[in-house]
Every structure is written in structure tokens, then in C-alpha cells.
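Hi,

Have it open while you read, if you can.

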Amino acid sequence: MPASDHELEHAGDQLATKLVQLGYTVVTAESCTGGWVAKVLTDKPGSSAYVVGGLVTYSNEAKQALLGVTEASLGNHGAVSEPVVREMVAGALAATGADVAVAISGVAGPGGGSEKKPVGTVWFAWGASIENTKAVVHYFDGDRDQVRRQAVLFALQGVSRFLKQT
């Protein structure tokens, strides 16, 4: 079931509240979501208090140039993988000095899927440092918009859960 605008707004508000309570800032490193997580977070007035920025690194070249993702990780595992999203988090933190980062890379469709990584496969990572990063893969159903909406919601909720454990 696709995430509604209301669900996305609510998840963004919950994360914003948690960031403000902790006095933390966040940066996003997004591929298949195209900056949608950053958009949800910055829809709220005053978001400059907790959003440092967002990097849309859709191509492998952008992941390498802007986030320092290694050619080896991309070549050995592909852009939609745990090593890549972990490196995206590390690169976003290093580039911006934010307290926490979220990274997303997936296959939104309709094409681009494979037997090992079908359409709807999305890797997520969130972290405050290289040593304190959690990564998880999730599989979503639906068309391109539905996969992306669900990925945005999952990312926002994932960062909130991560911060509760900090």
C-alpha cells in the first residue's frame, strides 16, 4: 500500500521533533528517492534548524564524486547494496558535518530490476559515524511512485527509530 502525503508528513514531523529534542542535524544521501526525503523534512517551516542538506546522487559517478563511494564497492556489489549505502552515509557525514545521515539506493522501476535485485528492492542506511551505522534492505510492491513513497516513509521512520536507540 502506497504511503499517503499525510503519512509522509507525519513521519517527517516525528523525525523533526526528535532531531530538535536531541539538538541534532540531518543530511540525506538519496538515489532512487530523488531528494524526496529531504523535501518532506524541509516542507516544515524552521527546518533549517535540523536539516543540513540533501545530496541526490542518482548516478554511480555522482555517488563516487560527491560521497566518496568506492569504485570497488560499486563494481563488486552494485549501487543497490549494503556497502554502497554505508559509504553514502559516511560520505554525507564527512561532506556536511551533520550529526546523522540517511542513505537510500534502490530499484524503483519499472525497469532496472534483476533476479537478485527485483524492482522494489531498496537498501537503506542511517548513521552517526562509520562505527554507528545501521543498514537494512526492504522490498516494496507497486509501481515506481508507490515504491518511492514507501521508501521515503521507511527512511523517515528508520532514522527516527535509530535516534531513539542513540
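**The strands in the middle of the story**

Buried here means under 20% relative accessible area, exposed means over 50%, and partly exposed is in between, with a 1.4 Å probe and protein chains only. Strand and helix names follow DSSP runs (helices are H or I with at least four residues, strands are E with at least two), numbered from the N terminus.

Before going on, a word on what you are looking at: this is a predicted model, in which local features need pLDDT of at least 70 and side-chain atom pairs count only at pLDDT 80 or more, while totals for chains, interfaces and linings use all residues. Residues are numbered from 1 along each chain as its sequence is written, and side-chain values use heavy atoms, with hydrogens and water left out.

Back to β4 (121–127). Thr121, Trp123, Ala125 and Gly127 point one way from this strand, Val122, Phe124 and Trp126 point the other way, and all are buried. In a regular strand the side chains alternate between the two faces of the sheet.

Which strands pair with β4? Strand β3 is joined to β4 by six bridges, and the two run antiparallel. (Two strands pair if DSSP finds at least two bridges between them.) Across this pairing, isoleucine 104 stands opposite phenylalanine 124, and alanine 103 has alanine 125 as its bridge partner. Strand β5 (residues 133–139) also pairs with β4 in the antiparallel sense, over seven bridges. There, glycine 127 stands opposite threonine 133. β4 and β5 form a hairpin, with five residues between them.

Valine 100 in β3 is the bridge partner of valine 26. For β1 (residues 26–30), five of the five residues are buried, so this strand too is largely enclosed by the rest of the structure. Its buried residues are Val26, Thr28 and Glu30 on one side, with Val27 and Ala29 on the other.

β1 is also joined by five bridges to β2 (residues 51–56), again in parallel. Here leucine 55 in β2 is the bridge partner of alanine 29. The chain gets from β1 to β2 through helix α2 (residues 36–42), and this β-α-β crossover is right-handed: with the strands pointing away from the viewer, the path from the first strand over the helix to the second runs clockwise.

**A cis peptide bond**

Most residues other than glycine have a negative phi, and most peptide bonds are trans. Glycine 109 and proline 110, however, are joined by a cis peptide bond, with omega at about 5°. Proline 110 is in the loop between β3 and β4.

**Two pockets**

A pocket, on a 1 Å grid over the protein atoms alone, is an open set of points where a 1.4 Å probe fits, with protein on both sides within 12 Å along at least five of seven lines; lining residues have an atom within 4 Å of a point.

The largest pocket is lined by 16 residues, of which Tyr58, Val80, Gly106, Val107 and Ala108 lie nearest its centre. α3 (60–67) and β3 are the elements that give two or more residues to this lining.

The second largest pocket has 13 lining residues, and those nearest its centre are Leu8, Glu9, Lys39, Val40 and Asp43. Helix α1 gives the most to this lining, with six residues.

**Two residues to look at**

Aspartate 13 is in helix α1 and is partly exposed, with a relative accessible area of 28%. Aspartate 13 and lysine 44 are 31 residues apart in sequence and 7.7 Å apart in space, C-alpha to C-alpha.

Serine 160 is in helix α6 (residues 144–164) and counts as buried at 10% relative accessibility. Serine 160 touches Gln14 and Leu15 (heavy atoms within 4.5 Å), not counting residues up to four places away in sequence.

Happy browsing!
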